[in-house]
Amino acid sequence: MKYLTTIGLEVHVQLKTQSKMFCACLIEYGAPPNTHTCPTCLGLPGGLPVANAEAIRLAVKTGAILEGEVAATSSFDRKNYFYPDLAKNYQITQHRAPLSSGGALLLPDFAYANDARPSGPREEKRITLVRLHLEEDVAKSFHLENSTGIDFNRAGTPLMEIVTEPIISSPDEAFAFLTALRQILIYGEVSDADMEKGQLRCDANVSVRPEAQAELNPKVELKNLNSISAVRRALKFEVERQTAALREGIKLRQETRGWDDKLAGTVLQRTKESEHDYRYFPEPDLLSFATANLEFTVPELPIARRNRLVSEFKITSYDAGVLVSDAELARYFETAAAGASNPKGVANWVLNDLQSALSAQDKGIADCPVKPENLRNLVDLIDSGRVSGKQAKEVFAEMFSRRISADAVVTEKGITQVSDPAAISPLCDEVIAAHPKAVADFRTGNMASLNFLKGQVMKLSGGKVNPQLAGEILAQKLRA
């Protein structure tokens with residue numbers, strides 16, 4: 001029997017604001033515990049909330065980017081639930097009138113994991129959204145050996161919750177959705193979306209049912225997912241667990257399970273509450289608000305940028321997808337390729353040699369010691385024949401370690417590729433005279449002998465001869 005997987009995601013995004021959602025306390029990752037608090041975010045009597053206008057603007061901007069229907073007016077509600085990490089023991093959120101309804105996000109090929117990337121052209125799947133709303137974050141708990149500590153610095157941080165329709169059909173699609181969403185949030189300057197800092201968190205709801213069954217089985221909510229790859233691993237495990245249960249005739253139930261990285265599995269936390277258990281009601285301390293006068297600019301997004309790079313620089317869609325997956329990397333490439341005679345060559349150096357060198361030193365593109373114009377210069381030197389591919393590797397290593405230009409390295413070390421036939425011809429004659437067997441093999445049809453002879457010319461010249469030209473001159477002499 002075949003089984004179908006249905007997944008819905010609830011994504012919590014920390015917005016890029018300086019202060020909290022309902023008070024003026026500073027947001028500072030890594031600050032000493034409980035140093036950015038006030039009566040409002042501590043839930044003390046008399047502390048009244050004031051909505052953060054910048055958080056509302058960023059959430060509305062995101063709704064527009066995701067093609068949602070932004071509400072003309074919106075409001076806040078109270079969600080009553082036992083929160084051990086929220087001092088006032090209720091959360092200010094949006095229930096009745098979210099900032100944005102509907103919308104969608106495309107899953108581009110470059111958003112999938114490398115081992116799951118679709119091959120060949122295909123239509124990009126469209127994941128529709130239910131809603132986007134604002135709420136406040138809870139404090140951070142530290143579970144010690146015999147006690148639990150609470151840091152209220154995070155309590156009250158503006159969170160934007162994005163809820164998908166339950167139409168994601170695999171863990172790989174969930175991975176692609178979160179990757180694509182993260183890229184959009186960064187491109188839109190809405191959030192830094194750093195999962196290591198808790199700026200992007202996700203709960204996943206998954207339901208498995210027999211292929212012939214139309215009605216969804218009870219969903220299981222997965223929590224404690226601290227990375228996009230963890231979401232994928234947890235969903236894969238949970239799909240397999242639910243499928244095995246159904247095959248054994250075990251009835252599934254609605255519940256919340258936590259992902260344990262060490263166990264590489266999910267563990268039961270509690271049976272899942274229903275919406276009425278939260279006892280929502282309008283937040284009495286905050287008025288409704290209008291969104292009409294909020295100003296923002298929708299930026300060029302990753303898919304549009306990928307298409308433009310392909311059109312403008314004539315690089316492959318795959319290369320463009322890898323570049324746009326990192327906004328800073330794409331910006332570096334565009335600067336390096338501007339005015340270049342060989343943008344594809346620039347892309348190859350950025351994606352291969354440059355990325356490898358940065359990774360070896362645990363650096364990002366923001367810390368790159370090679371200026372974009374210097375990389376363009378190196379590619380131009382290769383294309384003009386002034387340096388060989390092998391010499392270019394040596395030049396690049398000097399550029400990377402010493403932060404100097406390609407021209408400076410070439411001048412300082414006297415690196416140059418010999419492309420004068422008059423200088424190469426005597427070297428070819430010497431090699432032909434020294435290797436009569438290879439010459440005889442070539443003349444009897446063994447073409448591989450030509451590569452051997454060309455290698456000997458390169459060795460004799462100390463690697464300075466243009467290899468293509470050396471091969472052409474050798475072939476002419478051997479066929480004469």
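What is the handedness of the crossing of helix 13 and helix 14? The crossing is right-handed, where right-handed means that the near helix is turned clockwise from the far one by less than a right angle, and left-handed anticlockwise.

The legends below describe a predicted model, in which local features need pLDDT of at least 70, side-chain atom pairs count only at pLDDT 80 or more, and totals for chains, interfaces and linings use all residues. Residues are numbered from 1 along each chain as its sequence is written, and side-chain values use heavy atoms, with hydrogens and water left out.

**View 1. Packing of helix 13 and helix 14.** The axes of helix 13 (448-460) and helix 14 (467-479) are 9 Å apart, at an angle of about 120 degrees. Helices are DSSP runs of H or I with at least four residues, strands are runs of E with at least two, and both are numbered from the N terminus. Axes are lines fitted to C-alpha atoms, for helices over the stretch in contact, and angles run from 0 to 180 degrees between N-to-C directions. The two helices are therefore oblique to each other; angles under 35 degrees count as roughly parallel, over 145 as roughly antiparallel, 65 to 115 as roughly perpendicular, and the rest as oblique. Helix 13 contributes Leu450, Leu453, Lys454, Val457 and Met458 to the contact, and helix 14 contributes Pro467, Ala470, Gly471, Leu474, Ala475 and Leu478. Contact means heavy atoms within 4.5 Å.

**View 2. Helix 11 and its cover.** The 14 residues of helix 11 (residues 421-434) should span 20 Å at 1.5 Å a residue, and the end C-alpha atoms are 20 Å apart, which agrees. The expected span is 1.5 Å times one less than the number of residues. Buried in this helix are Ile424, Ser425, Leu427, Cys428, Val431 and Ile432. Here buried means under 20% relative accessible area, exposed over 50%, and partly exposed in between, with a 1.4 Å probe and protein chains only. The cover over these buried residues includes helix 12 (436-443), helix 13 and helix 14.

**View 3. Helix 5 and its neighbours.** In helix 5 (residues 317-324), Asp319, Ala320, Gly321, Leu323 and Val324 are buried. These buried residues pack against helix 2 (171-187), helix 4 (302-313), helix 6 (327-337) and helix 7 (343-360). The axes of helix 4 and helix 5 come within 9 Å and cross at roughly 135 degrees, which makes helix 4 oblique to helix 5. This crossing is right-handed. On helix 4, Pro302, Arg305, Arg306, Leu309 and Val310 meet Ser317, Ala320, Gly321, Leu323 and Val324 of helix 5.

View 4. Strand 4 (residues 77-80) pairs with strand 16 over 2 bridges; pairing requires at least two bridges found by DSSP. Asp77 is opposite Pro282 in strand 16.

**View 5. The hairpin of strand 9 and strand 10.** Strand 9 (residues 140-143) and strand 10 (residues 148-151) run antiparallel and are joined by 4 bridges. The hairpin connects the two strands through 4 residues. Lys140 has Asp151 in strand 10 as its bridge partner.

View 6. Ala174 counts as buried, at 0% relative accessibility. Not counting residues up to four places away in sequence, Ala174 touches Leu9, Ile168 and Leu235.
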